[in-house]
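Subject: Structure handover

Hello,

I am passing on the structure we discussed. Notes on the findings follow below the entry.

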Amino acid sequence: MHQEKIQQVIEEVKKVVVGQDRMVNRLLIGLFTNGHILLEGVPGLAKTLTVNTLAKVLHLDFNRIQFTPDLLPADLIGTMIYNQQTGDFEVKKGPIFSNLILADEVNRSPAKVQSALLEAMQEKQVTIGETTFQLDRPFLVLATQNPVDQEGTYPLPEAQVDRFMMKVHIDYPSKSDEMEVMRRMANMSFTNEVNAILSKQDVFDIRNEINAVKIAEPLEHYIIELVFATRFPKQYGLSNEAKYIMFGVSPRASINLNLAAKAVAFMDGRDFVLPEDIKEIAEDVLNHRIILNYEAEADGINTRDLVKILMEKVPINKSVTL
């Protein structure tokens, strides 16, 4: 059973990474549903270590790209180089040609580099010179950004952030978890060796099994209700919250909420979706798609607060007109 293998993957990652179970879960959901993930958290929360370890356990190729202000698109996708011996130009592929890409501090690079990455994410291909190359399968981008120290950054435009399936906020570990982290990492003989559990074929097989997970029509309506509540909040009794929302979520939200809920159900050993599956994943799918105004910033309101209110006020059995 693939569910048992997924549990083995999680246990294997835990040999190295402590206290980031939620992040690992979301990364696996992204991989199994072909959705890219944006990780947001302060430095030192094991984002890079987690992705690197997960790539080893899944037996996938992994590249880390440190985004800096002087990075060029060619540094990402590759370029044409001149071979003096043959007198011809040859293609030198960039680090984007891998299964798992960690785009570290993606908001540190200018718009051209961000656009090159996001085009590769969307099209699953890149063009170097006059030749178009298909990217490796599976292909997953895990981008990180630092919520503090915004000086010298190039924030991703809202339309580009929308291309990420989920935006996952990484919090500090608990006292007991940090104690374990300290003990492990302060031990200079500690090794981060892990065993490969899944293969590429396993990933494709899991995707097919998730695709077969059933979601009842009332729950499909519930997803639509949540999406429309962000666009027309006053119709859902959210008059106080309406003054903070500039734009609601895009249709990508309903698609990804459906996919992610199926993945949650599958990883929980079920072939059908429950309302709890949708609520479990809603914050990560919706939070980066709701665009707030300046009044929300002034009052200290963030999108995660609004999603929690949506969960409380939007009923599951409310009729919807399609």
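Some ground rules before the rest. This is a predicted model, in which local features need pLDDT of at least 70, side-chain atom pairs count only at pLDDT 80 or more, and totals for chains, interfaces and linings use all residues. Residues are numbered from 1 along each chain as its sequence is written, and side-chain values use heavy atoms, with hydrogens and water left out. Helices (H or I, at least four residues) and strands (E, at least two) are DSSP runs, numbered from the N terminus.

Helix packing

The angle between α1 and helix α2 (residues 21-32) is about 135°, and their axes are 11 Å apart. Axes are lines fitted to C-alpha atoms, for helices over the stretch in contact, and angles run from 0 to 180 degrees between N-to-C directions. On the α1 side the contact (heavy atoms within 4.5 Å) is made by Ile6, Val9, Ile10, Val13 and Lys14, and on the α2 side by Asp21, Val24, Leu28 and Phe32. These residues divide into seven nonpolar, no polar and two charged. Here Ala, Val, Leu, Ile, Met, Phe, Trp, Tyr, Cys and Pro count as nonpolar, Asp, Glu, Lys and Arg as charged, and the others, Gly among them, as polar.

Helix α1 (residues 2-14) also packs on helix α3 (residues 47-57), at an angle of about 130° and with axes 10 Å apart. That makes α1 oblique to α3, and the crossing is right-handed. Val9, Glu12 and Val13 of α1 meet Thr53, Leu54 and Val57 of α3. Four of the residues in this contact are nonpolar, one is polar and one is charged.

Sheet and hairpin

Five strands form an open sheet in the order β2-β5-β8-β1-β9, with parallel pairing. Two strands pair if DSSP finds at least two bridges between them. The edge strands, each pairing on one side only, are β2 (62-66) and β9 (166-169). From one strand to the next the twist averages 20°. Strand β1 (residues 37-40) is joined to β9 by four bridges, and Leu39 stands opposite Val168 in β9. α3 lies across β1, β2, β5 (100-104) and β8 (140-145), and runs at about 170° to β5.

Strand β3 (residues 78-83) pairs with strand β4 (residues 88-93) in the antiparallel sense, over six bridges. Tyr82 stands opposite Phe89 in β4. The hairpin of β3 and β4 has four residues between the strands, and Gly87 in it takes a positive phi near 75°.

Backbone points to check

Arg137 and Pro138 are joined by a cis peptide bond, with omega about -10°. Pro138 sits in the loop between β7 (131-134) and β8. His59, in the loop between α3 and β2, has phi near 60°, a positive value in a residue other than glycine.

Record annotation

UniProt, in an unreviewed entry, lists residues 241-307 as "domain: ChlI/MoxR AAA lid". Its positions are given in the numbering used here, feature names are shortened, and annotations may be inferred rather than shown by experiment. In the model, residues 241-307 are 61% helix and 7% strand, with the end C-alpha atoms 10 Å apart.

Regards

Terms used. Angles under 35 degrees count as roughly parallel, over 145 as roughly antiparallel, 65 to 115 as roughly perpendicular and the rest as oblique. A crossing is left-handed if the near helix is turned anticlockwise from the far one by less than a right angle, and right-handed if clockwise.
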